Amino acid sequence: MMVLVTRPGKQGWKLCQLLTQHNIASIHHPLISIQSEPSLSDFGSELYEFDIIIAISQHAVICVQEALINSSFVWPKSAVYFAIGEKTAKILSRVTQKKVYHPSQSGSENLLAMPKLRNVEKKRILILRGNSGRELIFDTLFRRQAIVRYQQTYRRALIPFNSHTQILHWKNNNVDTLVVTSIGQLQFLLSQMKSYRIWLQDLVLFVPSVRIVVEAEKMGFTRVINSSSASNLKIIEAIQMYK
């Protein structure tokens, strides 16, 4: 087995390290870079306006934490915290020193099904995210008559690559497995592959949620496995079970 890991930055690098520790070969090829949003420098005091704070990703938590440290603010103790998945919840709990609620399986639908988010009328809710995504959460909470706001915490910058050169490299290294953690990254990867789509779609694809499984199958992937979490440990477990 040779795993192509596309998740960005330290998370992708750490996943490759874990794979090595489990005697699984891997190649790290990030598809995006994460750039913190400059406007966060003046954001600290605004956190205190909200009853509920929802973190969509680990990057969102990390970027806000860095901004708070630089501005001498701290996470509010009065807010109730939620995260899209287990790993994001652990990071958010560590920086807030608060309990963070999260669904047992990551995903917008599972988060919205949590009892504590069902009766949110007139609650002020902040969604910490990147420069797009998770509209279902906003729309559903708005319909439940909450006062909802997005806060963009970072930008995803796509990293173009030469598909011909990369395919030769991946084929020469016998890549047969792919890890992708977002629909946007998967769409971008397909768009860059041009005449190599069939090869890509034949790989065993690991993704962190049912929502991405559905979209991946629509894109033509035939062997898609849901790790049920974007946590590196959960991804490793899913790969080991398949192996």
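Predicted model: local features only at pLDDT ≥ 70, side-chain atom pairs only at ≥ 80, totals over all residues.
Valine 5 has histidine 28 as its bridge partner in β2.

Residues are numbered from 1 along each chain as its sequence is written, and side-chain values use heavy atoms, with hydrogens and water left out.

Back to β1. Strand β1, residues 2-5, pairs with strand β2, residues 25-28, in the parallel sense over four bridges. Two strands pair if DSSP finds at least two bridges between them. Methionine 2 stands opposite alanine 25 in β2. β1 also pairs with strand β10, residues 177-179, again parallel, over three bridges; there, valine 3 stands opposite threonine 177. Are the residues on the two faces of β1 buried or exposed? Met2 and Leu4 on one side, and Val3 and Val5 on the other, are all buried. Buried means under 20% relative accessible area, exposed over 50%, and partly exposed in between, with a 1.4 Å probe and protein chains only.

Next, the open sheet. Five strands are ordered β6-β5-β4-β7-β8, with parallel pairing. β6 (100-101) and β8 (147-152) stand at the edges with a single partner strand each, so one side of each has no neighbour in the sheet. Strand β5, residues 80-83, runs parallel to β6 and is joined to β6 by two bridges. Phenylalanine 82 has tyrosine 101 as its bridge partner in β6. Helix α3, residues 86-96, packs on this sheet and touches β4 (52-55), β5 and β6, its direction making about 150° with that of β5. Contact means heavy atoms within 4.5 Å. Axes are lines fitted to C-alpha atoms, for helices over the stretch in contact, and angles run from 0 to 180 degrees between N-to-C directions.

Now the helix pair. Helix α2, residues 58-71, packs with α3 at an angle of about 15°, the axes being 8 Å apart. That makes α2 roughly parallel to α3, a term for angles under 35 degrees. The contact involves Gln58, Val61 and Gln65 of α2, and Lys87, Thr88, Ile91, Leu92 and Val95 of α3.

Last, two single residues. Glutamine 166 lies in helix α6, residues 163-172, and is buried, with a relative accessible area of 19%. Which residues does glutamine 166 touch, not counting those up to four places away in sequence? They are His29 and Phe161. Threonine 222 sits in the loop between α9 (210-218) and β12 (224-226). Threonine 222 is exposed, with a relative accessible area of 62%. The C-alpha atoms of threonine 222 and leucine 205 are separated by 8.5 Å, with the two residues 17 apart along the chain.

Notes. Parallel < 35°, antiparallel > 145°, perpendicular 65-115°, else oblique.
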